[in-house]
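User: I would like to go through the terms used for this model and see what each one rests on. Please set the values against the cut-offs.

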Amino acid sequence: MANIKPFKALRPARDKASEIAALPYDVYTRSEAKMEIKNHSLSFLRIDRAETNFDDSVSTYAPEVYDKADELLHKMIDEGDFIREEMPCYYLYELTMDGRIQNGIAGCVSVDDYINGVVKKHENTRKEKEEDRVCHVDRTSAQTGPIFLAHRHNNTIAQIIEKTKKQEEAVYDFTADDGIRHRIFVISDGKDIDNITFAFGNIPEVYIADGHHRAASAIRVSKMRRDSHPRGNGKEEYNYFLAVLFAQDELKIYDYNRVVKDLNWLTPVKVLAAVEKAATLKKTDFYGIRPEKKGQFSMFMEDKWYLFEFHDELKNDDPVDGMDVSLLQNHILGPIFGIKDPSKDKRIGFVGGIRGLEGLEKRCEKDNMKVAFAMYPTSMDELFAVADNGLLMPPKSTWFEPKLRSGLLIHEIER
């Protein structure tokens with residue numbers, strides 16, 4: 001069962017929240033992060049991407065970068081940009097995007113739950129990305145970006161969320177530059193805190209939706225702290241990691257699409273012929289067409305869109321091989337385009353579905369990509385099935401929107 005607890009958040013002063021809140025560190029390139037900080041001088045990216053404080057000759061992973069992150073965080077604390085909660089609380093984090101509202105509970109999750117498989121994952125991590133966050137958390141002694149977790153619906157949690165929104169005033173309420181509205185409420189009532197803890201204690205498993213690298217790094221730092229504090233009692237803050245937990249019916253997964261740099265020495269006519277060995281051409285549309293159901297994908301080539309559906313004999317119920325992204329990889333990207341390992345092959349790129357078909361067309365036009373594939377979104381049930389079976393999805397299978405902001409709720413751990 002899930003072991004979740006309240007915590008004393010380090011969080012922005014009310015009038016600073018909108019300027020401090022930042023998108024996750026890994027959605028920016030270094031140059032993009034620098035521009036964001038130039039436009040928003042208090043942005044938490046200054047801390048999450050502290051290399052932006054240095055000349056580009058300084059490596060992103062240099063020791064002085066993490067020292068700078070620690071220095072900047074504590075300078076902001078000293079200057080009153082952040083406050084510390086006086087008592088352990090849960091927090092309700094509400095996001096609104098295009099009129100759709102989703103509500104999550106921010107709290108701290110047991111590291112042992114991750115180790116023992118109560119917290120289930122569906123992706124592998126890349127060593128260099130994990131190592132970066134390990135150094136960041138270890139040097140600052142703070143978990144600055146929450147892990148995005150999903151769980152099956154629970155009536156008690158849903159009722160407390162509804163009650164909190166009706167009876168309490170949000171401590172933060174702002175709309176970010178991208179149009180996403182963020183509201184955070186403090187849940188400090190002792191009975192509500194106990195009921196949330198008890199409710200999660202009856203949920204058998206929770207799932208990482210987004211933030212596999214942040215989760216893995218938090219666990220590694222926890223193990224380091226345990227080794228350096230051999231007399232710890234297990235209740236120290238480093239035994240927990242920061243997360244926001246959403247019921248599955250609150251969430252929406254967007255498609256995660258693919259672009260390819262070349263046709264693998266084939267002509268467009270031969271590509272179409274090869275694709276039709278795995279899928280049936282359903283419709284063409286010069287102006288773009290999205291997949292309409294599981295088993296379909298769209299292809300953009302030479303300024304023209306095609307809609308295909310995989311042959312029935314290729315479809316199956318395997319949690320991984322039956323996914324559309326697997327069918328595309330196993331029957332089209334691999335055998336036709338020669339992309340054997342999409343996590344390493346530099347000929348393939350990935351585009352979040354939030355950018356729409358226009359984003360794929362733009363990549364083909366601006367970056368000279370020769371073909372693009374639009375996917376039908378992976379479902380939450382598919383994510384749960386993969387994780388429940390102890391399996392891993394292909395790279396870039398899910399894209400969640402809206403994104404949680406870093407810097408709004410920080411979990412400090414013992415040095």
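User: Why does Cys89 count as buried?

Analyst: This is a predicted model, in which local features need pLDDT of at least 70 and side-chain atom pairs count only at pLDDT 80 or more, while totals for chains, interfaces and linings use all residues. Residues are numbered from 1 along each chain as its sequence is written, and side-chain values use heavy atoms, with hydrogens and water left out. Buried means under 20% relative accessible area, exposed over 50%, and partly exposed in between (1.4 Å probe, protein chains only). Cys89 has 1% relative accessibility, so Cys89 counts as buried.

User: What makes Cys135 partly exposed?

Analyst: Its relative accessibility is 28%. That value falls between the 20% and 50% limits, so Cys135 is called partly exposed.

User: Is Ser43 buried or exposed, and what does Ser43 touch?

Analyst: Ser43 has a relative accessible area of 2% and is therefore buried. Ser43 sits in the loop between helix 2 (30-39) and helix 3 (45-48); helices (H or I, at least four residues) and strands (E, at least two) are DSSP runs, numbered from the N terminus. With contact meaning heavy atoms within 4.5 Å, Ser43 touches Glu19, Ile20, Ala22 and Glu36, leaving aside residues up to four places away in sequence.

User: What makes helix 11 mostly covered?

Analyst: Of the 10 residues in helix 11 (residues 324-333), 8 are buried. Among them are Asp324, Val325, Leu328 and Leu333. The cover over the buried residues includes helix 10 (268-275), strand 14 (256-260) and strand 19 (371-375).

User: Which strands are the edge strands of the open sheet?

Analyst: The sheet has 6 strands in the order 15-17-16-19-14-18, with antiparallel pairing. Strand 15 (279-285) and strand 18 are its edge strands, since each pairs on one side only.

Methods. Pairing = 2+ DSSP bridges.
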